[in-house]
Amino acid sequence: MLRTRMGFFVLLLVLLLAGSAAAVDTMEVHFLDVGQADASLLLGPEFAVLVDAGDYRRSDVVPHLEDAGVDSLDLLIGTHPHADHIGQFPQVLERFPVTEVWMSGDTHTTRTFERALDAILASDAGYHEPRAGEVLELGALRIEVLNPAELTGDLHEGSISFRAVYGSTAFVFTGDAEVETEWEIIEGGHDLAADVLHLGHHGSRTSTSIEFLDAVSPTTAVYSAGIGNHYGHPHQEVVDRVLDAGIDLYGTDTYGTIVIKTDGTSYTVQTAYAGPSDTAAVEAPAEPLPEPEVAPDTLGVNVNKASLQELMDIVHIGQSRAEQIMELRPFSCLDDLTRVSGIGPARLQDIKDQGLAYAE
């Protein structure tokens with residue numbers, strides 16, 4: 001009888017050990033469907049990291065996090081201080097305990113930026129401005145900072161970019177970093193190899209150069225954009241560039257929230273919708289034209305009269321270009337901005353699409 005019981009307990013122990021060995025910890029990366037904005041969640045057994053927090057005109061980030069089972073955040077990253085990336089910082093910081101917040105260190109004059117800072121100060125979260133070369137380990141997750149090395153005053157150039165490594169599976173995030181910044185990251189000598197690349201600037205033509213694609217060499221790319229957005233994101237040349245490289249492409253505008261699960265060795269992709277044919281029957285939500293975040297008594301930024309700081313609110317305009325504008329004005333129309341060094345047809349179109357600048 002004793003031998004029989006001993007045999008039973010040995011069998012039970014073997015089964016328990018086998019079950020334990022079969023249980024594999026996984027990381028989930030949720031590219032959240034938050035319209036024409038950015039928000040991504042890295043969720044694992046020992047960590048929860050939110051990268052950007054959606055549009056200030058919406059309130060969909062907190063429900064997404066709750067649905068994913070988040071009860072606290074180890075790290076909240078605002079890649080740069082534009083309203084479609086830090087828009088819902090206040091809601092997130094009010095709803096969840098946050099251990100630390102990362103911001104680039106660039107400042108902005110918008111009310112959204114001010115509200116985000118107020119929310120950080122009102123919370124118990126720590127605050128840090130990371131620089132290229134820094135490494136943070138959260139359990140099995142390793143975050144390697146790729147950008148910025150230093151600030152230039154251009155909000156896109158200062159975008160926090162990083163490589164997230166879980167086991168042998170890696171993801172690269174670049175915020176709204178553009179081609180010039182991609183080159184600086186490459187020249188920085190960082191290990192950029194990754195399985196998944198989150199396309200910069202919502203799939204805009206300003207980002208995702210062939211050289212950067214080659215350096216990262218992903219098998220999957222994801223972009224965050226709203227259905228029928230006013231900017232035309234993702235731009236077709238970027239889509240073609242990615243697909244021509246043999247990379248699988250997913251976007252939140254056609255697939256909804258995209259969840260990539262990895263055990264550190266391999267990964268799977270799950271989407272809310274099957275793809276373009278599935279979303280074709282879904283009525284696109286009304287996407288209002290982007291509202292410039294300016295004081296109520298102003299119409300935007302008059303390039304012929306604006307101050308240096310006001311000019312820097314315009315996309316692609318850092319301190320150097322703002323100084324050039326002040327030296328070269330007056331401008332008869334926005335098309336004249338091509339007189340400014342570094343502003344070509346593509347950047348001029350982005351400036352027009354932003355809807356903030358005007359000349360009179």
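Which residues of helix α12 (residues 319–328) are buried? In this predicted model, the buried residues of α12 are R321, A322 and I325, where buried means under 20% relative accessible area, exposed over 50% and partly exposed in between, with a 1.4 Å probe and protein chains only. Because these residues cover an arc of only 105° around the axis, they lie on the same side of α12; the arc is that of the directions from the helix axis to the C-beta atoms. Their cover includes α11 (308–311) and α13 (345–354), judged by contact, meaning heavy atoms within 4.5 Å.

Residues are numbered from 1 along each chain as its sequence is written, and side-chain values use heavy atoms, with hydrogens and water left out. The model being predicted, local features need pLDDT of at least 70 and side-chain atom pairs count only at pLDDT 80 or more, while totals for chains, interfaces and linings use all residues.

Turning to the whole chain, the secondary structure comes to 13 helices and 17 strands; helices (H or I, at least four residues) and strands (E, at least two) are DSSP runs, numbered from the N terminus. Of the 360 residues in the chain, 51% are buried. Among contacts with a separation of 6 or more, 65% join residues 24 or more positions apart.

Helix α8 (residues 236–244) has V238, V239 and V242 buried. Among the elements covering the buried residues of α8 are α7 (210–216), β12 (220–223) and β13 (248–251). After α8 comes G246, with a positive phi near 75°.

Nonpolar side chains come next. In soluble globular proteins, such side chains tend to be buried together. A nonpolar core is a set of buried Ala, Val, Leu, Ile, Met, Phe, Trp, Tyr and Cys residues joined through side-chain atoms within 4.5 Å. The largest one here has 28 residues, of which L65, L73, F89, V92 and V101 touch the most other members. Elements giving two or more residues to this core include β2 (40–44), β3 (47–51) and α2 (61–67), and α5 gives the largest share, four residues. A second, separate core of 26 residues includes V145, I160, F171 and I258.

What, finally, surrounds H80? This histidine sits in the loop between β4 (73–78) and α3 (83–86) and is buried, with a relative accessible area of 0%. Leaving aside residues up to four places away in sequence, H80 touches H85, I86, S104, L155, H156, S159 and D176. Its side chain makes a polar contact with the side chain of S159 (3.4 Å) and another with the side chain of D176 (3.1 Å). A polar contact is a pair of N or O atoms within 3.5 Å; within protein, one must be able to donate a hydrogen and the other to accept it, and residues adjacent in sequence count only if both atoms are side-chain atoms.
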